[in-house]
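Please look through the sequence and the three-dimensional structure shown below, and keep both at hand while reading the report that follows.

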Amino acid sequence: MRKVAVIGMGHVGATAAFILFTHGVADELVLLDKNETKCRAEWGDLRDTLGRNDFYVNVKWGDWKELADADLIITAFGDVAASITTGDRFAEFPVNTKNAVEVGQKIKDSGFKGVIMNISNPCDVVTSILQKVTGLPKSQVFGTGTFLDTSRMQRVVGEKLGQDPRNVSGFNLGEHGSSQFTAWSTVWVNNRPAKDLFNEAEKEEMDRLSKDNAFMVGKGKGYTCYAVATCAVRLARAVFSDAKFYGPTSCYVESLGTYIGYPSIVGKHGVEEVPVLDLPADEQAKLEASAKKLKDSLASLE
């Protein structure tokens, strides 16, 4: 029995719940939100789908006690409008640091012992707070982090070369926010390194395009949802199938002393390993600067 709880029924949380429901990733789905009317409505809409859905899913709503035996919690609370209007995911810092403490305490009080995956922004900071408040091992609490930024990079690079984005390997590292960057030393396309494919101007342009698209989408729709929800479900599948999936998440990196976007191996216990990257000096400096920003932000809360 694969039991998933989604906390936060905004556009992202509702989309993640819908994908989990329609793709048969969860056998039991629990929906939670402060706005009980919205939460109940999403519950009702999903239940009306059961007669046509390819999978039967037991859907529940509103009871935090249901977390006790859940396998996976996806947190997607927040005020996305703040990030979209400012162009800065740290705009949600004041509200979501408080939300993270409140939600984390409710999770702890429920007796939950499974894996937490955070989407809420600023992703790395909120993930850190959720781990601290719940007291769960760092390996069992992680975020989507730069998994989404990496997907955007793959799309831009793929389009540049007329290739399927899945032919592009490599990572975006650092904060899921303004200090994240493409680690070009890790990027390969069809077994060819990026250094043989692009000049510096082209790399800078692709960096800009991959970052700008998030806010183009957000300003046009008022939010983003499909890409990040798809990333979350991909990672949920890795947990349930014990896939040992290698990809970037917001994970705790011991050498940096913080949660940050970095490649990790995801399996049934969450982040099971964080292999060390051998980065060139300039990329390592960018990563350390991003880590400092995150640690300073967390220190400001103490």
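## Helix 4 and helix 5

In this predicted model, helix 4, made of residues 93-110, and helix 5, made of residues 123-134, have axes that come within 8 Å and cross at roughly 30°. Angles under 35 degrees count as roughly parallel, and helix 4 and helix 5 are therefore roughly parallel to each other. The crossing in which helix 4 passes helix 5 is right-handed.

On the side of helix 4, the contact is made by Phe93, Asn96, Thr97, Ala100, Val101, Val103, Gly104, Gln105, Ile107 and Lys108, while helix 5 contributes Val125, Val126, Ile129, Leu130, Val133 and Thr134. Sorted by class, the residues of this contact between helix 4 and helix 5 divide into ten nonpolar, five polar and one charged.

Pro122 is found in the loop between strand 5, residues 115-118, and helix 5. The peptide bond that leads from Asn121 to Pro122 is cis, and its omega is near -5°.

## Helix 1 and helix 2

Helix 1, residues 11-22, packs with helix 2, residues 36-47, at an angle of about 25°, and the axes of the two are 11 Å apart. With the limit for roughly parallel set at angles under 35 degrees, helix 1 and helix 2 are therefore roughly parallel to each other. The crossing of helix 1 and helix 2 is right-handed.

Which residues of helix 1 meet which residues of helix 2? From helix 1 come Ala14, Ala17, Phe18 and Phe21, and these meet Lys38, Glu42 and Leu46 in helix 2. By class, this contact of helix 1 with helix 2 has five nonpolar and two charged residues, with no polar residues.

## Helix 6 and helix 7

For helix 6, residues 147-161, and helix 7, residues 200-221, the axes come within 9 Å and cross at roughly 130°. Helix 6 passes helix 7 in a crossing that is right-handed.

The residues of helix 6 that take part are Arg152, Met153, Arg155, Val156, Val157 and Lys160, and they meet Glu202, Met206, Leu209, Ser210, Asn213 and Ala214 in helix 7. In the contact of helix 6 with helix 7, six residues are nonpolar, two are polar and four are charged.

## The cysteines

A disulfide is a covalent bond between the sulfur atoms of two cysteines. How many disulfides does the model have? When a pair of cysteine sulfur atoms has to lie within 2.5 Å to be counted, the count comes to zero disulfides. Cys123 is in no disulfide, and the nearest cysteine sulfur to its own, that of Cys231, is 11 Å away. Likewise, Cys231 is in no disulfide, with the sulfur of Cys123 as its nearest cysteine sulfur, 11 Å away.

Are these cysteines buried or exposed? Buried means under 20% relative accessible area, so Cys123, with a relative accessible area of 0%, is buried, and Cys231, at 7% relative accessibility, also counts as buried.

Lys3 is found in strand 1, which covers residues 3-7, and at 3% relative accessibility Lys3 counts as buried. Leaving aside its neighbours within four places in sequence, Lys3 is in contact with Glu28, Val30, Glu66, Asp69, Ala70, Asp71, Leu72 and Phe240. Between Lys3 and Lys295 there are 292 residues of separation in sequence and 33 Å in space, taken from C-alpha to C-alpha.

Ala285 has its place in helix 9, residues 281-299, and counts as partly exposed at 43% relative accessibility. Ala285 and Met216 lie 69 residues apart in sequence and 29 Å apart in space, C-alpha to C-alpha.

## The loop between helix 8 and strand 10

Asp242 is placed in the loop between helix 8, residues 226-240, and strand 10, residues 245-253, and Lys244 lies in the loop between helix 8 and strand 10 as well. Phi of Asp242 is near 50°, which is a positive value in a residue other than glycine, and Lys244, although not a glycine, has a positive phi of about 55°. At 25% relative accessibility, Asp242 counts as partly exposed, and Lys244, with a relative accessible area of 42%, is partly exposed too.

Technical notes: Residues numbered from 1 in each chain as written. Predicted model: local features only at pLDDT ≥ 70, side-chain atom pairs only at ≥ 80, totals over all residues. Heavy atoms only, no water. Axes fitted to C-alpha atoms, helices over the stretch in contact; angles between N-to-C directions. Helix = DSSP H or I, 4+ residues; strand = E, 2+ residues; numbered from the N terminus. Parallel < 35°, antiparallel > 145°, perpendicular 65-115°, else oblique. Left-handed = near helix turned anticlockwise from the far one by under 90°. Contact = heavy atoms within 4.5 Å. Nonpolar A, V, L, I, M, F, W, Y, C, P; charged D, E, K, R; others polar. Buried < 20%, exposed > 50% of the residue type's maximum accessible area, 1.4 Å probe, protein only.
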